[in-house]
Amino acid sequence: EPELNYTPKFYQDGDFVVALVPIGLETEYTPNYVFTLTSGGVTDQLTLTVKEREAKAKLYYPASAELISRTRTAATLLAFEQAMKSVVDTNEATRYWEGTFTAPLNRTINTGFGRTRVLSATGTEYVHTGVDYIANIGDQVMATNAGKVVYVGEQTVSGKLVVVDHGCGLKSWYMHMSEITVNVGDVVEKGATLGIVGNTGFTI
């Protein structure tokens, strides 16, 4: 309580069961969420304290009108969502990751997660749901932690894309690559090369 519009799925993890609960960008702010857990006749409550999101200035993205009309439209966004549905809905029960996650590139962040981006050419606003880095074409893209490769392909908006399932419902997505060097089913370690930085899809 209050409602998060998400039903947790629990996974066996050694002697424990775990569930990851995402807090979406659209979630209404409230300082505390109370989770009531019941198992074997025992009930307990856990309280999650959430900090209010800091307001940041909008970022203007100088993509050309031609690039936008070719790669980021209602149709290409819908096609991406439909193509990724099975990837989103299917989760590895094995927990592959250990410890902290690392960045996929040793580079400066250009656009962080959750920033409002404005397309200069059209005035369209949207919330950025990834992390963009200032990188050189040819840089290696590395796995943020151990996991299993569950998608390799190319979509109009994302360009060449790899998805790594780290287990228990946690995945990382790597977009806009020029070359992919892994295959579906590969189990990769943290820091393993997944592909090469490019500018495929909606990116400048």
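**Entry 1: a first pairing.** I began with strand β11, residues 147-155, and found it joined to β12 by seven bridges, with the two running antiparallel. A caution for myself: this is a predicted model. Next I looked up who faces Q155, and its bridge partner in β12 is G159.

Entry 2: I then followed the chain onward to β13, residues 170-180. Six bridges pair it with β12, again in the antiparallel sense. Here G167 stands opposite L170 of β13. This hairpin has two residues between its strands, and C168 takes a positive phi near 60° there.

**Entry 3: how covered is β12?** I checked burial along the strand and found it mostly covered, since eight of the nine residues in β12 count as buried. I kept a general point in mind: side chains in a regular strand alternate between the two faces of the sheet.

**Entry 4: the cores.** Which residues touch the most other members of the largest nonpolar core? My list reads A63, M84, L119, Y151, L161 and F202, out of 14 residues in that core. The elements giving two or more residues to it are α1 (65-71), α2 (74-89) and β12 (159-167). Of the contributors, α2 gives the most, with three residues. I also found a second, separate core of 12 residues, and L105, V162, V182 and L194 are among them.

**Entry 5: Y151 up close.** Leaving out residues up to four places away in sequence, I got M84, V87, L161, V162, V163 and V184. I noted that V162, one of these contacts, is a member of the second core.

**Entry 6: T203.** Is T203 buried or exposed? I located T203 in the segment after β15 (193-197). T203 counts as buried because its relative accessibility is 17%, and the cut-off for buried is under 20%. Setting aside neighbours within four places in sequence, I found T203 in contact with Y61, L67 and H176.

**Entry 7: a three-stranded sheet.** I turned to an open sheet whose strands come in the order β5-β7-β8, with mixed pairing. Its edge strands are β5 (59-61) and β8 (125-127), and each pairs on one side only. Ignoring direction, neighbouring strands in this sheet are turned by 35° against each other on average. I looked at one pairing in detail: β7, residues 116-119, runs antiparallel to β8 and is joined to it by three bridges. In this pairing V118 stands opposite E125 of β8.

**Entry 8: the whole chain.** To finish, I stepped back. I counted two helices and 15 strands in the protein chain. The C-alpha trace spans about 60 × 40 × 30 Å along its principal axes. Of the 204 residues, 31% are buried. The chain exposes about 12500 Å², and carbon and sulfur atoms supply 52% of that. Among contacts with a separation of 6 or more, 61% join residues 24 or more positions apart.

Conventions. Residues numbered from 1 in each chain as written. Predicted model: local features only at pLDDT ≥ 70, side-chain atom pairs only at ≥ 80, totals over all residues. Heavy atoms only, no water. Core = buried A, V, L, I, M, F, W, Y, C linked by side-chain atoms within 4.5 Å. Buried < 20%, exposed > 50% of the residue type's maximum accessible area, 1.4 Å probe, protein only. Helix = DSSP H or I, 4+ residues; strand = E, 2+ residues; numbered from the N terminus. Contact = heavy atoms within 4.5 Å. Pairing = 2+ DSSP bridges. Axes fitted to C-alpha atoms, helices over the stretch in contact; angles between N-to-C directions. Areas by Shrake-Rupley, 256 points an atom, 1.4 Å probe, with all protein chains shown as cover.
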